[in-house]
Structure formats: C-alpha cells, structure tokens
Amino acid sequence: MVGVRPDKSDYSVLSALLPRLFKPLASLGFLWVAFYGEVPINSGYGLAIMVALICSTFGDLFLIRQDSVGLNWGIGAFLLAHLAYVWAALSNDLYPLVWNQTLYIHLIMFSIVFVGIGQKVHVHF
C-alpha cells in the first residue's frame, strides 16, 4: 500500500496552531472545574483561587500574541494570579498559616536565594 506523505509545511502549521488552541482551552477547563467543583466561592480562599485562575487564563490568552505587548500583559496577568494564590494561601481556613520563627527563617532564606538568582539573570526586552 502506498501512502501519501504529508508535507513538512503541514506539520509546521499544525505545530503552530495546536498550542494556540489547546493552551487557552486547558486554562478554561481549569476554571470550569474550579467553578463547578468544590471551590467555595463565598469564602476568601475560594474567591482568591477563582481570581487567580481567571488571571492565569487571561495570561495564557495574552501570550498567544507572541510580541512584546502580549508578553508584558501576560506577565502582568500571571503576576496578579500569583498574588491571588498568595492571598488564597493566607486566607485558607482549613490550613491556616502560622506565623512563627520557622516561617520567618524560610522567608528570609527564600529572599536571599531569589535575590542571588535575580542578580545573575539579565532579561532584555
């Protein structure tokens, strides 16, 4: 049996199209599962998780543009999402965050490592 071999251009179009289609669909799927799942929206934790997932979805949509405007807006959306995740962690009623010496030591160590890595990374836009 003789098969028809697809052109390489077919693969390049498909490989460019699939991430642009499925990445936002995955983000919308996470949002749908959270909304119809067991995330209580009437609590601070649930509201923060929903805000974070919405910001992450917008971040994915902005990054589809593949230019500096999309990158900047995408980074901004993901920054807001991470702040909302911190808000969720601080407002969790089931596992409340206990501010003690161990937590302070971990925060200081994380800050030192983060600043040390940040000094070695140079990002140019």
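Predicted model: local features only at pLDDT ≥ 70, side-chain atom pairs only at ≥ 80, totals over all residues.
Residues are numbered from 1 along each chain as its sequence is written, and side-chain values use heavy atoms, with hydrogens and water left out.

The protein has four helices and zero strands, where helices (H or I, at least four residues) and strands (E, at least two) are DSSP runs numbered from the N terminus. Along the sequence this gives the pattern α-α-α-α. The accessible surface comes to about 10,200 Å², and carbon and sulfur atoms account for 72% of that surface; the areas come from the Shrake-Rupley method with a 1.4 Å probe, and for residues only the protein chains shown count as cover. Of the 125 residues, 20% count as buried. Buried means under 20% relative accessible area, exposed means over 50%, and partly exposed lies in between (1.4 Å probe, protein chains only). A contact means heavy atoms within 4.5 Å. Among contacts between residues at least 6 apart in sequence, 49% join residues at least 24 apart.

In soluble globular proteins, nonpolar side chains tend to be buried together. Here the largest nonpolar core has seven residues: L31, A34, A48, I49, M50, L53 and A88. Two or more of its residues come from each of α1 (8-36) and α2 (44-63), and α2 gives the largest share, four residues. A nonpolar core is a set of buried Ala, Val, Leu, Ile, Met, Phe, Trp, Tyr and Cys residues joined through side-chain atoms within 4.5 Å. L53, one of the core residues, touches F30, L31, A34 and Y85, leaving aside residues up to four places away in sequence.

Not counting residues up to four places away in sequence, G44 touches W87 and S91. G44 and L90 are 46 residues apart in sequence, but their C-alpha atoms are 9.3 Å apart in space. D60 also lies in α2, yet D60 is buried, with a relative accessible area of 8%. Beyond residues up to four places away in sequence, D60 touches K23, S27 and F78.

The loop between α2 and α3 (68-90) holds Q66, which is exposed at 62% relative accessible area. Most residues other than glycine have a negative phi. The phi of Q66, however, is positive, near 55°.

Four aromatic pairs are found in the whole structure. Rings of Phe, Tyr and Trp (its six-membered ring) pair if their centres lie within 6.5 Å; planes under 30 degrees apart count as stacked, over 60 as edge-to-face and the rest as tilted. F35 and Y36 have ring centres 5.0 Å apart and planes at 85°, so this pair is edge-to-face. F35 is partly exposed at 44% relative accessibility, while Y36 is exposed at 58%. The pair of F62 and W73 is tilted, with 5.6 Å from centre to centre and 50° between the planes. Because F62 lies in α2 and W73 in α3, the pair ties together parts that are 11 residues apart in sequence. F62 is partly exposed at 28% relative accessibility, and W73 is exposed at 56%. W32, F35 and Y36 form one aromatic cluster.
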